[in-house]
Amino acid sequence: MRSISTGLITETVKNAFLRANYDIGADITECLEKSRREEISPLGRDILGDILLNDEIARTERIAACQDTGMAVVFAYIGQDARIEGGDFNEAVEEGVRQAYSEGYLRKSVVSDPLFDRRNTGDNTPAVIYTEIVPGDRIRFDVTAKGFGSENMSAVRMLTPAAGVEGVLDFIEETVSKAGPNPCPPLVVGVCVGGTMDKAAVLAKKATMRPVGTHNSDPRYAGLEDEALKRINKLGIGPGGFGGSTTALAVNIDFFPTHIAGLPVAVNICCHVARHASAEI
Amino acid sequence: MSEERKRLQIPCSEEEYRSLRAGDRLLISGTLYTARDAAHKRLCALLDEGRELPFDIRGQVIYYVGPAPTPPGYAIGSAGPTTSYRMDKYAPRLLDAGLKGMIGKGLRNDEVKASMKKNGAVYFAATGGAAALIARSIISSEVIAYEDLGTEAVRKLEVRDMPVIVAVDPDGNDAYEAGREECRAALASL
(Lines give C-alpha, C1' and ligand atoms only; values in the text may rest on other atoms or scores of the structure.)
Protein backbone atom coordinates (compact mmCIF):
# COMPACT_ATOMS: atom_id res chain seq x y z
CA MET A 1 0.00 0.00 0.00
CA ARG A 2 1.19 3.47 -0.86
CA SER A 3 -0.06 6.37 1.24
CA ILE A 4 -1.36 9.49 -0.41
CA SER A 5 -2.37 12.42 1.77
CA THR A 6 -5.56 14.37 1.25
CA GLY A 7 -3.43 17.53 1.42
CA LEU A 8 -1.54 16.41 -1.66
CA ILE A 9 -4.82 15.59 -3.41
CA THR A 10 -6.13 19.10 -2.69
CA GLU A 11 -2.92 20.70 -3.95
CA THR A 12 -2.92 18.57 -7.10
CA VAL A 13 -6.54 19.30 -7.98
CA LYS A 14 -6.07 23.01 -7.28
CA ASN A 15 -3.05 23.28 -9.59
CA ALA A 16 -4.79 21.27 -12.32
CA PHE A 17 -7.75 23.70 -12.37
CA LEU A 18 -5.45 26.72 -12.42
CA ARG A 19 -3.54 25.28 -15.38
CA ALA A 20 -6.75 24.31 -17.17
CA ASN A 21 -8.14 27.85 -16.91
CA TYR A 22 -4.94 29.72 -17.81
CA ASP A 23 -3.16 27.42 -20.25
CA ILE A 24 -5.02 26.49 -23.41
CA GLY A 25 -3.32 23.35 -24.72
CA ALA A 26 -0.72 23.35 -27.49
CA ASP A 27 -2.99 20.99 -29.44
CA ILE A 28 -5.73 23.64 -29.54
CA THR A 29 -3.28 26.45 -30.36
CA GLU A 30 -1.74 24.51 -33.25
CA CYS A 31 -5.14 23.61 -34.62
CA LEU A 32 -6.34 27.24 -34.35
CA GLU A 33 -3.22 28.41 -36.22
CA LYS A 34 -3.72 25.85 -38.96
CA SER A 35 -7.42 26.79 -39.21
CA ARG A 36 -6.54 30.46 -39.50
CA ARG A 37 -4.35 29.69 -42.51
CA GLU A 38 -7.10 27.64 -44.16
CA GLU A 39 -10.24 29.59 -43.15
CA ILE A 40 -12.17 30.92 -46.20
CA SER A 41 -13.77 33.91 -44.43
CA PRO A 42 -11.61 37.02 -43.82
CA LEU A 43 -13.71 37.88 -40.75
CA GLY A 44 -13.35 34.28 -39.61
CA ARG A 45 -9.56 34.57 -39.91
CA ASP A 46 -9.62 37.73 -37.81
CA ILE A 47 -11.74 36.08 -35.12
CA LEU A 48 -9.35 33.11 -35.00
CA GLY A 49 -6.52 35.64 -34.64
CA ASP A 50 -8.35 37.29 -31.71
CA ILE A 51 -8.83 33.91 -30.06
CA LEU A 52 -5.12 33.07 -30.42
CA LEU A 53 -4.20 36.46 -28.96
CA ASN A 54 -6.66 35.95 -26.11
CA ASP A 55 -5.18 32.57 -25.22
CA GLU A 56 -1.69 34.05 -25.29
CA ILE A 57 -2.74 36.84 -22.88
CA ALA A 58 -4.28 34.29 -20.50
CA ARG A 59 -1.18 32.10 -20.62
CA THR A 60 1.36 34.86 -20.03
CA GLU A 61 -0.63 36.93 -17.51
CA ARG A 62 -2.05 33.91 -15.62
CA ILE A 63 -5.66 35.07 -15.95
CA ALA A 64 -8.77 33.16 -17.00
CA ALA A 65 -8.96 32.61 -20.77
CA CYS A 66 -12.76 32.80 -20.57
CA GLN A 67 -14.85 34.50 -17.88
CA ASP A 68 -16.99 31.36 -17.69
CA THR A 69 -14.48 29.27 -15.80
CA GLY A 70 -17.02 26.51 -15.80
CA MET A 71 -18.34 23.85 -13.54
CA ALA A 72 -15.47 21.73 -12.25
CA VAL A 73 -15.56 18.16 -13.52
CA VAL A 74 -13.05 15.68 -12.10
CA PHE A 75 -12.27 12.18 -13.30
CA ALA A 76 -10.21 10.44 -10.62
CA TYR A 77 -8.52 7.11 -11.38
CA ILE A 78 -7.61 5.66 -8.02
CA GLY A 79 -5.09 2.87 -7.85
CA GLN A 80 -6.42 0.00 -5.75
CA ASP A 81 -3.12 -0.18 -3.87
CA ALA A 82 -3.19 3.47 -2.83
CA ARG A 83 -4.32 4.39 0.66
CA ILE A 84 -5.81 7.82 1.16
CA GLU A 85 -4.82 9.34 4.49
CA GLY A 86 -5.75 12.50 6.34
CA GLY A 87 -9.45 12.81 5.66
CA ASP A 88 -12.22 12.41 3.16
CA PHE A 89 -11.26 11.98 -0.51
CA ASN A 90 -14.21 13.86 -1.99
CA GLU A 91 -13.78 16.74 0.43
CA ALA A 92 -10.09 16.94 -0.51
CA VAL A 93 -11.06 17.28 -4.18
CA GLU A 94 -13.71 19.90 -3.36
CA GLU A 95 -11.15 21.83 -1.34
CA GLY A 96 -8.81 21.84 -4.34
CA VAL A 97 -11.60 23.29 -6.49
CA ARG A 98 -12.44 25.84 -3.78
CA GLN A 99 -8.83 27.01 -3.50
CA ALA A 100 -8.27 27.20 -7.24
CA TYR A 101 -11.39 29.28 -7.83
CA SER A 102 -10.86 31.65 -4.90
CA GLU A 103 -7.09 32.12 -5.13
CA GLY A 104 -6.93 32.03 -8.92
CA TYR A 105 -9.52 34.79 -9.57
CA LEU A 106 -11.78 32.32 -11.34
CA ARG A 107 -15.53 32.89 -11.57
CA LYS A 108 -17.84 31.06 -9.20
CA SER A 109 -20.68 29.84 -11.37
CA VAL A 110 -22.42 27.12 -9.36
CA VAL A 111 -25.88 27.53 -7.80
CA SER A 112 -26.93 25.22 -4.97
CA ASP A 113 -30.46 24.56 -6.08
CA PRO A 114 -31.04 24.42 -9.84
CA LEU A 115 -34.74 25.27 -9.84
CA PHE A 116 -36.00 27.17 -6.81
CA ASP A 117 -33.32 29.25 -5.03
CA ARG A 118 -30.53 29.32 -7.63
CA ARG A 119 -28.25 30.70 -4.92
CA ASN A 120 -24.56 30.88 -5.82
CA THR A 121 -22.54 28.62 -3.53
CA GLY A 122 -19.74 31.19 -3.60
CA ASP A 123 -16.82 28.82 -4.11
CA ASN A 124 -17.69 26.95 -7.33
CA THR A 125 -18.39 23.72 -5.45
CA PRO A 126 -19.70 21.13 -5.61
CA ALA A 127 -17.61 19.67 -8.39
CA VAL A 128 -18.85 16.79 -10.51
CA ILE A 129 -16.59 13.94 -9.37
CA TYR A 130 -16.27 10.57 -11.06
CA THR A 131 -14.05 7.94 -9.46
CA GLU A 132 -12.78 4.73 -10.99
CA ILE A 133 -10.73 2.06 -9.27
CA VAL A 134 -7.76 1.02 -11.42
CA PRO A 135 -4.70 -1.21 -10.93
CA GLY A 136 -1.61 0.28 -9.28
CA ASP A 137 -0.89 2.58 -6.37
CA ARG A 138 -1.21 6.00 -7.96
CA ILE A 139 -4.06 8.45 -8.40
CA ARG A 140 -4.55 10.21 -11.73
CA PHE A 141 -6.78 13.23 -12.17
CA ASP A 142 -8.22 14.41 -15.46
CA VAL A 143 -10.06 17.68 -14.83
CA THR A 144 -12.08 19.98 -17.04
CA ALA A 145 -13.54 23.42 -16.38
CA LYS A 146 -16.72 23.08 -18.39
CA GLY A 147 -18.36 26.25 -19.63
CA PHE A 148 -22.12 26.22 -20.04
CA GLY A 149 -22.48 28.22 -23.25
CA SER A 150 -21.42 25.02 -24.95
CA GLU A 151 -22.77 22.55 -22.36
CA ASN A 152 -26.27 23.95 -22.99
CA MET A 153 -26.00 22.99 -26.67
CA SER A 154 -25.24 19.32 -25.93
CA ALA A 155 -27.69 16.48 -26.52
CA VAL A 156 -28.33 12.78 -26.01
CA ARG A 157 -30.52 10.75 -28.32
CA MET A 158 -31.53 7.13 -28.07
CA LEU A 159 -31.34 5.99 -31.70
CA THR A 160 -32.52 2.59 -32.86
CA PRO A 161 -29.95 0.09 -34.15
CA ALA A 162 -31.48 0.53 -37.63
CA ALA A 163 -30.38 4.19 -37.66
CA GLY A 164 -26.79 2.98 -38.12
CA VAL A 165 -23.80 5.07 -39.15
CA GLU A 166 -25.94 7.58 -41.08
CA GLY A 167 -28.19 8.09 -38.07
CA VAL A 168 -25.18 8.80 -35.86
CA LEU A 169 -23.64 11.25 -38.33
CA ASP A 170 -26.97 13.00 -38.87
CA PHE A 171 -27.49 13.45 -35.13
CA ILE A 172 -23.99 14.89 -34.62
CA GLU A 173 -24.45 17.27 -37.54
CA GLU A 174 -27.95 18.28 -36.43
CA THR A 175 -26.78 19.05 -32.88
CA VAL A 176 -23.97 21.32 -34.10
CA SER A 177 -26.17 22.93 -36.76
CA LYS A 178 -28.92 23.77 -34.27
CA ALA A 179 -26.37 25.22 -31.85
CA GLY A 180 -25.15 27.61 -34.58
CA PRO A 181 -23.12 30.49 -33.15
CA ASN A 182 -24.29 29.98 -29.53
CA PRO A 183 -21.59 27.66 -28.13
CA CYS A 184 -18.58 29.78 -29.27
CA PRO A 185 -17.31 28.00 -32.37
CA PRO A 186 -14.86 26.68 -33.40
CA LEU A 187 -15.85 23.70 -31.27
CA VAL A 188 -14.40 20.52 -29.93
CA VAL A 189 -17.19 17.96 -30.24
CA GLY A 190 -17.12 14.98 -27.87
CA VAL A 191 -19.25 12.01 -28.87
CA CYS A 192 -19.98 8.61 -27.41
CA VAL A 193 -21.85 5.91 -29.27
CA GLY A 194 -23.31 3.08 -27.18
CA GLY A 195 -23.55 2.25 -23.49
CA THR A 196 -26.62 3.45 -21.61
CA MET A 197 -27.99 7.00 -21.64
CA ASP A 198 -25.78 8.02 -18.70
CA LYS A 199 -22.68 6.09 -19.82
CA ALA A 200 -22.83 7.71 -23.25
CA ALA A 201 -23.04 11.17 -21.68
CA VAL A 202 -20.06 10.59 -19.38
CA LEU A 203 -17.89 9.16 -22.14
CA ALA A 204 -18.85 12.05 -24.44
CA LYS A 205 -17.59 14.45 -21.76
CA LYS A 206 -14.33 12.47 -21.56
CA ALA A 207 -14.07 12.61 -25.34
CA THR A 208 -14.05 16.43 -25.24
CA MET A 209 -10.89 16.15 -23.13
CA ARG A 210 -8.95 14.06 -25.61
CA PRO A 211 -6.30 16.17 -27.43
CA VAL A 212 -7.40 17.44 -30.83
CA GLY A 213 -5.54 15.76 -33.65
CA THR A 214 -5.66 12.34 -31.99
CA HIS A 215 -7.96 9.64 -33.29
CA ASN A 216 -9.89 6.71 -31.92
CA SER A 217 -7.64 3.64 -32.11
CA ASP A 218 -10.37 1.73 -33.94
CA PRO A 219 -10.01 2.75 -37.61
CA ARG A 220 -13.79 2.57 -38.19
CA TYR A 221 -14.42 5.15 -35.45
CA ALA A 222 -11.42 7.20 -36.59
CA GLY A 223 -13.07 7.32 -40.03
CA LEU A 224 -16.33 8.37 -38.39
CA GLU A 225 -14.47 11.23 -36.65
CA ASP A 226 -13.11 12.46 -39.99
CA GLU A 227 -16.47 12.19 -41.71
CA ALA A 228 -18.32 14.00 -38.90
CA LEU A 229 -15.73 16.81 -38.89
CA LYS A 230 -16.00 17.18 -42.65
CA ARG A 231 -19.79 17.44 -42.49
CA ILE A 232 -19.71 19.95 -39.61
CA ASN A 233 -17.19 22.15 -41.37
CA LYS A 234 -19.47 22.33 -44.41
CA LEU A 235 -22.29 23.86 -42.34
CA GLY A 236 -20.82 27.32 -42.84
CA ILE A 237 -21.22 28.43 -39.19
CA GLY A 238 -17.56 29.42 -38.87
CA PRO A 239 -15.52 31.20 -36.17
CA GLY A 240 -17.78 33.14 -33.80
CA GLY A 241 -20.71 31.99 -35.94
CA PHE A 242 -20.32 34.73 -38.56
CA GLY A 243 -19.69 32.27 -41.37
CA GLY A 244 -16.66 30.25 -42.37
CA SER A 245 -15.08 26.89 -42.90
CA THR A 246 -13.88 26.39 -39.31
CA THR A 247 -16.91 25.35 -37.26
CA ALA A 248 -15.16 22.57 -35.34
CA LEU A 249 -11.51 21.86 -34.59
CA ALA A 250 -12.15 18.20 -33.90
CA VAL A 251 -14.79 15.54 -33.40
CA ASN A 252 -13.58 13.00 -30.82
CA ILE A 253 -15.67 9.84 -30.81
CA ASP A 254 -15.61 7.10 -28.23
CA PHE A 255 -17.78 3.99 -28.06
CA PHE A 256 -19.02 1.45 -25.52
CA PRO A 257 -20.87 -1.88 -25.82
CA THR A 258 -24.63 -1.49 -25.71
CA HIS A 259 -27.92 -3.41 -25.51
CA ILE A 260 -29.32 -5.38 -28.47
CA ALA A 261 -32.21 -2.90 -28.66
CA GLY A 262 -30.24 0.32 -28.48
CA LEU A 263 -27.93 2.82 -30.10
CA PRO A 264 -27.49 5.70 -27.65
CA VAL A 265 -25.52 8.69 -28.90
CA ALA A 266 -24.33 11.57 -26.73
CA VAL A 267 -22.90 14.75 -28.21
CA ASN A 268 -21.10 16.97 -25.70
CA ILE A 269 -20.23 20.33 -27.20
CA CYS A 270 -17.12 22.13 -26.00
CA CYS A 271 -16.04 25.60 -27.14
CA HIS A 272 -12.61 26.55 -28.47
CA VAL A 273 -11.60 27.37 -24.88
CA ALA A 274 -11.25 23.64 -24.28
CA ARG A 275 -9.90 23.62 -20.74
CA HIS A 276 -8.57 20.44 -19.30
CA ALA A 277 -5.52 19.27 -17.41
CA SER A 278 -4.13 16.04 -16.02
CA ALA A 279 -1.98 15.24 -13.02
CA GLU A 280 -0.79 12.09 -11.32
CA ILE A 281 0.20 11.47 -7.73
CA MET B 1 -7.50 43.43 -38.29
CA SER B 2 -7.90 43.29 -42.01
CA GLU B 3 -10.86 45.67 -42.18
CA GLU B 4 -11.24 49.22 -41.03
CA ARG B 5 -13.30 49.44 -37.86
CA LYS B 6 -15.55 52.41 -37.26
CA ARG B 7 -15.45 54.09 -33.88
CA LEU B 8 -18.70 54.66 -32.00
CA GLN B 9 -19.30 56.54 -28.77
CA ILE B 10 -21.93 54.89 -26.54
CA PRO B 11 -24.62 55.93 -25.73
CA CYS B 12 -25.33 57.60 -29.07
CA SER B 13 -28.31 59.27 -30.71
CA GLU B 14 -31.32 57.39 -32.00
CA GLU B 15 -30.23 58.23 -35.57
CA GLU B 16 -26.78 56.78 -34.99
CA TYR B 17 -28.19 53.53 -33.61
CA ARG B 18 -30.52 53.34 -36.60
CA SER B 19 -27.68 53.93 -39.05
CA LEU B 20 -25.76 50.81 -37.97
CA ARG B 21 -25.81 47.89 -40.41
CA ALA B 22 -25.52 44.14 -39.76
CA GLY B 23 -21.91 43.11 -40.31
CA ASP B 24 -20.44 46.51 -39.34
CA ARG B 25 -17.29 46.13 -37.30
CA LEU B 26 -17.01 48.73 -34.58
CA LEU B 27 -14.79 49.85 -31.75
CA ILE B 28 -17.10 51.20 -29.09
CA SER B 29 -16.18 53.58 -26.30
CA GLY B 30 -18.24 55.00 -23.46
CA THR B 31 -20.58 53.56 -20.86
CA LEU B 32 -22.15 50.10 -20.73
CA TYR B 33 -24.24 48.37 -18.08
CA THR B 34 -23.89 44.67 -17.38
CA ALA B 35 -26.76 42.29 -16.74
CA ARG B 36 -27.37 38.62 -17.34
CA ASP B 37 -30.03 36.07 -16.36
CA ALA B 38 -30.62 36.85 -12.68
CA ALA B 39 -30.38 40.65 -13.07
CA HIS B 40 -32.76 40.57 -16.05
CA LYS B 41 -35.30 38.72 -13.96
CA ARG B 42 -35.10 41.41 -11.26
CA LEU B 43 -35.15 44.33 -13.72
CA CYS B 44 -38.28 42.99 -15.39
CA ALA B 45 -39.91 42.38 -12.01
CA LEU B 46 -39.33 46.07 -11.16
CA LEU B 47 -40.92 47.14 -14.45
CA ASP B 48 -43.88 44.84 -13.81
CA GLU B 49 -44.39 46.47 -10.42
CA GLY B 50 -44.15 49.92 -11.98
CA ARG B 51 -41.01 50.75 -10.00
CA GLU B 52 -37.83 52.54 -11.07
CA LEU B 53 -34.86 50.64 -12.43
CA PRO B 54 -31.49 51.03 -10.66
CA PHE B 55 -30.21 53.01 -13.66
CA ASP B 56 -31.81 55.10 -16.40
CA ILE B 57 -32.04 52.56 -19.20
CA ARG B 58 -33.18 54.99 -21.92
CA GLY B 59 -30.72 55.10 -24.81
CA GLN B 60 -28.29 52.73 -23.05
CA VAL B 61 -26.50 49.51 -23.99
CA ILE B 62 -26.46 46.37 -21.82
CA TYR B 63 -23.53 43.97 -22.03
CA TYR B 64 -24.47 40.36 -21.24
CA VAL B 65 -21.50 39.41 -19.10
CA GLY B 66 -20.63 37.86 -15.77
CA PRO B 67 -16.98 38.81 -15.34
CA ALA B 68 -14.36 36.76 -13.55
CA PRO B 69 -13.11 38.30 -10.27
CA THR B 70 -10.73 41.23 -10.69
CA PRO B 71 -7.08 40.26 -10.18
CA PRO B 72 -4.81 42.85 -8.47
CA GLY B 73 -3.72 45.56 -10.88
CA TYR B 74 -6.59 45.03 -13.33
CA ALA B 75 -9.76 47.10 -13.91
CA ILE B 76 -11.82 43.90 -14.23
CA GLY B 77 -11.37 40.16 -14.61
CA SER B 78 -11.82 38.32 -17.89
CA ALA B 79 -15.11 39.55 -19.35
CA GLY B 80 -16.38 37.98 -22.55
CA PRO B 81 -20.01 37.83 -23.67
CA THR B 82 -22.44 35.20 -22.46
CA THR B 83 -24.99 33.52 -24.76
CA SER B 84 -27.79 35.97 -25.50
CA TYR B 85 -30.81 33.73 -26.14
CA ARG B 86 -31.25 33.22 -22.41
CA MET B 87 -32.16 36.91 -22.17
CA ASP B 88 -34.70 36.68 -25.05
CA LYS B 89 -37.56 36.24 -22.60
CA TYR B 90 -36.73 39.59 -20.95
CA ALA B 91 -35.22 41.71 -23.75
CA PRO B 92 -38.47 43.03 -25.36
CA ARG B 93 -39.59 44.35 -21.96
CA LEU B 94 -36.34 46.32 -21.56
CA LEU B 95 -36.36 47.51 -25.18
CA ASP B 96 -39.86 48.90 -24.64
CA ALA B 97 -38.46 50.73 -21.60
CA GLY B 98 -35.89 52.47 -23.79
CA LEU B 99 -32.88 50.12 -24.03
CA LYS B 100 -31.14 50.73 -27.37
CA GLY B 101 -28.40 48.14 -27.52
CA MET B 102 -27.37 44.71 -26.31
CA ILE B 103 -23.95 43.06 -26.51
CA GLY B 104 -23.73 39.30 -26.31
CA LYS B 105 -23.12 36.33 -28.55
CA GLY B 106 -25.33 33.95 -30.49
CA LEU B 107 -28.79 34.01 -31.99
CA ARG B 108 -31.84 36.07 -30.96
CA ASN B 109 -35.43 34.93 -31.45
CA ASP B 110 -38.01 36.59 -33.70
CA GLU B 111 -39.75 38.35 -30.82
CA VAL B 112 -36.55 40.14 -29.83
CA LYS B 113 -35.83 41.08 -33.45
CA ALA B 114 -39.37 42.45 -33.87
CA SER B 115 -39.00 44.48 -30.69
CA MET B 116 -35.60 45.79 -31.87
CA LYS B 117 -37.20 46.90 -35.12
CA LYS B 118 -40.03 48.63 -33.30
CA ASN B 119 -37.66 50.37 -30.91
CA GLY B 120 -34.77 51.11 -33.28
CA ALA B 121 -32.35 48.99 -31.25
CA VAL B 122 -29.13 47.14 -32.12
CA TYR B 123 -27.70 43.78 -31.12
CA PHE B 124 -23.91 43.66 -31.08
CA ALA B 125 -21.77 40.53 -30.79
CA ALA B 126 -18.41 40.28 -29.11
CA THR B 127 -16.15 37.26 -29.68
CA GLY B 128 -17.20 34.47 -27.33
CA GLY B 129 -14.32 33.12 -25.31
CA ALA B 130 -12.01 36.06 -26.02
CA ALA B 131 -12.58 37.24 -22.45
CA ALA B 132 -9.02 38.15 -21.47
CA LEU B 133 -8.63 40.18 -24.65
CA ILE B 134 -11.99 41.98 -24.27
CA ALA B 135 -11.20 42.85 -20.63
CA ARG B 136 -8.33 45.01 -21.90
CA SER B 137 -10.85 47.43 -23.41
CA ILE B 138 -12.71 47.86 -20.10
CA ILE B 139 -11.15 50.72 -18.18
CA SER B 140 -13.38 50.81 -15.12
CA SER B 141 -16.06 48.74 -13.45
CA GLU B 142 -18.40 49.60 -10.60
CA VAL B 143 -21.22 47.52 -9.10
CA ILE B 144 -24.35 49.69 -9.07
CA ALA B 145 -27.04 47.14 -8.12
CA TYR B 146 -27.68 43.60 -6.91
CA GLU B 147 -24.30 43.10 -5.28
CA ASP B 148 -25.69 39.91 -3.71
CA LEU B 149 -25.71 38.33 -7.18
CA GLY B 150 -21.90 38.30 -7.29
CA THR B 151 -20.76 37.96 -10.88
CA GLU B 152 -24.37 38.55 -11.98
CA ALA B 153 -24.59 41.99 -10.30
CA VAL B 154 -25.34 45.04 -12.44
CA ARG B 155 -22.12 46.91 -13.19
CA LYS B 156 -21.43 50.20 -14.86
CA LEU B 157 -18.47 49.82 -17.20
CA GLU B 158 -16.37 52.38 -18.99
CA VAL B 159 -14.93 50.93 -22.18
CA ARG B 160 -12.44 52.15 -24.75
CA ASP B 161 -12.29 50.69 -28.26
CA MET B 162 -14.14 47.50 -27.42
CA PRO B 163 -14.35 45.42 -30.61
CA VAL B 164 -17.87 44.33 -31.59
CA ILE B 165 -19.77 43.32 -34.72
CA VAL B 166 -23.32 44.45 -35.45
CA ALA B 167 -25.07 41.08 -35.38
CA VAL B 168 -28.64 42.32 -35.88
CA ASP B 169 -29.41 45.86 -37.03
CA PRO B 170 -32.59 47.87 -36.34
CA ASP B 171 -34.06 46.70 -39.67
CA GLY B 172 -33.78 43.09 -38.58
CA ASN B 173 -30.85 42.10 -40.81
CA ASP B 174 -28.91 39.27 -39.18
CA ALA B 175 -25.17 38.98 -39.83
CA TYR B 176 -25.07 35.45 -38.38
CA GLU B 177 -27.65 34.19 -40.87
CA ALA B 178 -26.13 36.05 -43.82
CA GLY B 179 -22.55 34.96 -43.03
CA ARG B 180 -23.49 31.34 -42.52
CA GLU B 181 -25.58 31.17 -45.69
CA GLU B 182 -22.88 32.77 -47.80
CA CYS B 183 -20.18 30.41 -46.51
CA ARG B 184 -22.41 27.33 -46.68
CA ALA B 185 -23.02 28.05 -50.37
CA ALA B 186 -19.31 28.70 -51.00
CA LEU B 187 -18.34 25.45 -49.25
CA ALA B 188 -20.94 23.45 -51.15
CA SER B 189 -19.45 24.58 -54.45
CA LEU B 190 -15.85 23.75 -53.46
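## Worked exercises: domains, chains and helix pairs

Chain A is assigned domain 1 (2-20 + 65-146) and domain 2 (149-274), with bounds from an automatic or database domain assignment. This is a predicted model, in which local features need pLDDT of at least 70, side-chain atom pairs count only at pLDDT 80 or more, and totals for chains, interfaces and linings use all residues. Residues are numbered from 1 along each chain as its sequence is written, while chains are lettered from A and ligands numbered from 1 in the order in which they are written.

**Exercise 1.** Find how far apart the C-alpha centres of domain 1 and domain 2 of chain A lie, and describe the contact.

*Solution.* Start with the centres: they lie 26 Å apart. Next, count the contact (C-beta atoms, placed from the backbone, within 7 Å): nine residues come from domain 1 of chain A and seven residues from domain 2 of chain A. Now look at the domain 1 side, where β2 (71-79) and β5 (139-146) of chain A each supply at least two residues. β5(A) gives the most, with three residues. (Strands are DSSP runs of E, at least two residues, and helices runs of H or I, at least four, numbered from the N terminus.) Finally, sort this side by class: five nonpolar, one polar and three charged residues. Here Ala, Val, Leu, Ile, Met, Phe, Trp, Tyr, Cys and Pro count as nonpolar, Asp, Glu, Lys and Arg as charged, and the others, Gly among them, as polar.

**Exercise 2.** Work out which helix of chain A gives the largest share of the side that touches chain B.

*Solution.* The contact takes 41 residues from chain A and 39 residues from chain B. Within the chain A side, helix α3 (residues 42-61) of chain A has the largest share, nine residues. That side has 20 nonpolar, 16 polar and five charged residues.

**Exercise 3.** Decide how α2(A) is oriented relative to α3(A).

*Solution.* Helix α2 (residues 26-38) of chain A packs on α3(A) at about 155°, with the axes 9 Å apart. Axes are lines fitted to C-alpha atoms, for helices over the stretch in contact, and angles run from 0 to 180 degrees between N-to-C directions. The pair is therefore roughly antiparallel, a label for angles over 145 degrees. Among the residues that meet are L32(A) in α2(A) and L48(A) in α3(A). By class, the contact residues are four nonpolar, three polar and four charged.

Key: Two residues are in contact if their C-beta atoms, placed from the backbone, lie within 7 Å. Angles under 35 degrees count as roughly parallel, over 145 as roughly antiparallel, 65 to 115 as roughly perpendicular and the rest as oblique.
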